[in-house]
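Hello,

Here is the structure I promised to pass on. Please open it first, then read my notes below.

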Amino acid sequence: MVSFIARWVFKQLYDKGLVYRGVKVMPFSTACNTPLSNFESHQNYKDVQDPSVFITFPLEEDENVSLVAWTTTPWTLPSNLALCVNPEMQYVKIKDVTRGKLLILMEARLLALYKVETDYEILERFPGSYLKGKKYRPLFDYFLKENGAFTVLADSYVREEEGTGVVHQAPYFGADDYRVCMDFNIIQKDSPPVCPVDASGCFTAEVTDFMGQYVKDADKNIIRTLKERGRLLIASTLTHSYPFCWRSDTPLIYKAVPSWFVRVEHMVDQLLQNNDLCYWVPEFVREKRFGNWLKDARDWAVSRNRYWGTPIPLWVSDDFEEVVCIGSVAELEELTGAKVSDLHRESIDHLTIPSHCGKGVLRRISEVFDCWFESGSMPYAQVHYPFENKREFDDAFPADFIAEGIDQTRGWFYTLLVLATALFGQPPFRNVIVNGLVLASDGQKMSKRKKNYPDPLSIIHKYGADALRLYLINSPVVRAENLRFKEEGVRDVLKDVLLPWYNAYRFFIQNVLRLQKEEEMEFIYNENTARESANVTDRWVLSCMQSLVGFFETEMAAYRLYTVVPRLVKFVDVLTNWYVRMNRRRLKGENGVEDCVTALETLFSVLLSLCRLMAPYTPFLTELMYQNLKLLIDPVSVQDKDTQSIHYLMLPHVREELIDKSTESAVSRMQSVIELGRVIRDRRTIPIKYPLKEIVVIHQDPEALHEIRSLEKYIIEELNVREVTLSTDKNKYGIRLRAEPDHMVLGKRLKGAFRAVMAAIKQLSSEELECFQESGTIVVEGHELHEEDIRLMYTFDQKTGGTTQYEAHSDAQALVLLDVTPDQSMVDEGVAREVINRIQKLRKKCNLVPTDEITVYYKAKSEGKYLNNVIESHMEFIFATIKAPLKPYPVPVSDKIIIQEEMQLKGSALEITLTRGSSLPGPVCAYVNLNIYANGSEQGKRSAPAVVDGPSTALCRYINLQLLNAGPQECVKGTVGTLLLENPPGQNGLTHQGLLYEAAKVFGLRSRKLKLFLNETQTHEITEEIPMKALNMKTVYVSVLPTTADF
């Protein structure tokens, strides 16, 4: 189909007078007698030794003065028609002291001829443009009749890196030579080519002295002849990289080959106008790379000399003076009188057309179409235009959108535009995305021969197709820049984006199942009836999602993938490392069923919207998630016609009512504080498991501090600190800035001045450094320094700060101080968190989910029973997290062991065993293990209230607790409990304050204020005046004081 329509396209161009026969300089294999494409010519380079000769060209105006040219292809000298210099470069006329000759060459290239300056004397200096138009005496007399030949030309392609700055021009053996000689009318498109070399690489009869000699073999004879004629200045050899034929492994030559051309140069202005009508992404490609290419567009050689390909539909006479172009099968059948069913060469090359000019018969030319001509014909070929589907073509042309690599600025993009402009006068597409190239990890092109890339199927099997897709689409490639492909990059996408995202989805599913199991509540989501959340993080993440949807719509409409995908990837981080992390307890139901459902609805909404946005980029993972998520959607709320696949759904639209920019701003400030605190912890190598006393946030904007205050509980949780202090006065904490120079950066740049600048940097005042922090530049000892030159650090006036040890870090707005003063109780809590971490890792190792009931047994061996003491003193804290009974060894024989593992923890040996099933004891005291002592020895263990008949049967004094006006928290379920007032008898008696503290722990109300009463009507309060022993065996009623949040 394409080949058929390509003939029609060519016929239209021919009828418009845009097709002609000329020549084109191409890589040529003399062994195969055929030209090669530029791609083929780059497949087989070798280091070879070639002649290196310097030749003189005496000026006609003064034959005592000669231009000096250099070449490594002496065989091209018999075809010399001109010399070329760079018009901008400096040239000199010198006297060769040894040879006594007057020579002209580029001043920068004197070193190519002379080792020392005493070997020559400079007589004149002038720009290359001064030489333009001067005539010189030819080397040979084979082509003296060429009009305008043997003249000095000027072009900027002449370089100062090699040769003499004077380049000899053999226009039919070099692409640049051909271009320059065409520009200066030394040759014309329709002039007979000066190309005295046949298809086997041998000189023809025009070159009488070397006729029949293979060009490479003739080099030495040509050099000898030049020497005899006094035109050879220097002859030597040069080793350089040279192209060889990939088929025959013989040297290639560049040679003019007869070709058929489409005229392009006359319509450059129209091409540029049509290009301006197209929207390019990135935009710079249109103006720079593609636009510049169009400005210098040359006529397009559309023929190729090979067998396989689409035959060019031209039938010509032997002298090429009569030409017939065929545009359809019907026309070919009519002119040849033969039935045509196949348009390949073997079926039509034998067909002839009678001449209308008495030239016998016309035969088809041997050439086939350049494949890019067929590619450029694609818009018409795909609908078989104009022979059918005319309306469909008119409706779809120009194309709304295409995409290809940046190398196609000289390929497909170009040929599409040329043909559409020539045929219809309009661009072939409205929008185009330009991709960069994917290179090997070492920056070279990927090559099947070199095997310098990993197997794509191996990458997909190892990391998944989605990881590979997201790696490529979130890379410089979508900005039309090149990417060095690295397998580690695909692995990192899987590890840092897809797995965290999938884990958030899995966490959601696990808690939906937990809700069904523990609360017997089925989770169904209806967007229209979902309750509005009062939780700030719910409102924040929903707002962020809707802002993302709006950004997605805007940027995708502008085809800017390079802005969309990074934002999507960043949102995955927002979801997994912020929202889910900060709301794990809510999602697990620890704050009550209603709040749990609200959090689950929020997470479901975000997960579903994210899947819909990411579906075009990660189609497989999103489909996997969607197939489960859609089962949780209320069928009544479904508006899409077909919900079988996520790829059938329309993209979500923005819900403006959910966007809350003030909440997004407040949470962003909170995140900045948390991230600054994490940097400090990392710098001091203090793990997040170890609590710290205080974080101080200093900000000049009171409104910003108010926003941070409203979210301080998240700062406390995420940074594991006890207290958040806010301030606008950094002087209160004795904070000063000091600077250290970057020795490596400044040392290289300043060299001798570095020592003085370094000393001055260290003397800069805190006020000067604050100005530098704001502006980003500072002048020191006359040198302007920037942010990368100086490292800023905070110091503290310890007299102001007292014994408290602060560590500081800041960003552009806030300064954060973290109290890193050592504290043993906090270290102990950190060790308890380490124990939790070990238990949870074992759970994960066994692929257990939160609803799996287990019991945890432990055995610790450490000096002074330190680890045992930490675990026992933090027993309820550990239980509140792991949600499973924690017991010391031994493990009952009846228990079914899931996993048992020994490990080291802070220098202590710890053995942990997980067993199947849970043996949770009674209601409130489920997590309180009581070791009861009498007379200094252990008398027994109790984990729940005991039934006591009378005072004589009790080993220790105790009270019963009854919670009145609130529900328990921290996983506690009951409202009654028992508490020992002493243990062992007569020792460790509780005080009034201790009783309040222990009662709060029993009901998980450590963050609330309590009052204790002797009666349920709360008229007889227990105060410090009432002795504890008077409460023995009584019921104490616990009342929780209300907070502002309760109103």
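**What I found**

The side chains of Lys1001 and Glu876 make a polar contact at 3.1 Å. A polar contact is a pair of N or O atoms within 3.5 Å; within protein, one must be able to donate a hydrogen and the other to accept it, and residues adjacent in sequence count only if both atoms are side-chain atoms. Lys1001 sits in helix H31, residues 992–1002. Lys1001 is buried, at 16% relative accessible area. Buried means under 20%, exposed over 50%, and partly exposed in between (1.4 Å probe, protein chains only).

Before you go further, some ground rules. This is a predicted model: local features need pLDDT of at least 70 and side-chain atom pairs count only at pLDDT 80 or more, while totals for chains, interfaces and linings use all residues. Residues are numbered from 1 along each chain as its sequence is written, and side-chain values use heavy atoms, with hydrogens and water left out. Helices (H or I, at least four residues) and strands (E, at least two) are DSSP runs, numbered from the N terminus.

Next, a sheet. Four strands form an open sheet, in the order E2-E1-E12-E14, with antiparallel pairing. Strands E2 (34–35) and E14 (300–301) are at the edges; each has a single partner strand, so one side of each is left without a neighbour in the sheet. Two strands pair if DSSP finds at least two bridges between them. E1 (residues 19–29) and E12 (residues 252–262) are joined by eleven bridges, in the antiparallel sense. Val19 stands opposite Val262 in E12.

Now the backbone. Most residues other than glycine have a negative phi, and most peptide bonds are trans. Here are some exceptions.

- The peptide bond from Val281 to Pro282 is cis, with omega near -5 degrees. Pro282 is in the loop between strand E13 (279–281) and helix H6 (283–295).
- Tyr889 and Pro890 are also joined by a cis peptide bond, with omega about 10 degrees. Pro890 lies in the loop between strands E34 (886–888) and E35 (897–905).
- His384 is not a glycine, yet has a positive phi of about 60 degrees. Its loop runs between helices H10 (378–381) and H11 (390–396). His384 counts as buried, at 16% relative accessibility.
- Asn389 has a positive phi too, near 55 degrees. Asn389 is in the loop between H10 and H11. Asn389 is partly exposed, at 32% relative accessible area.

Best wishes
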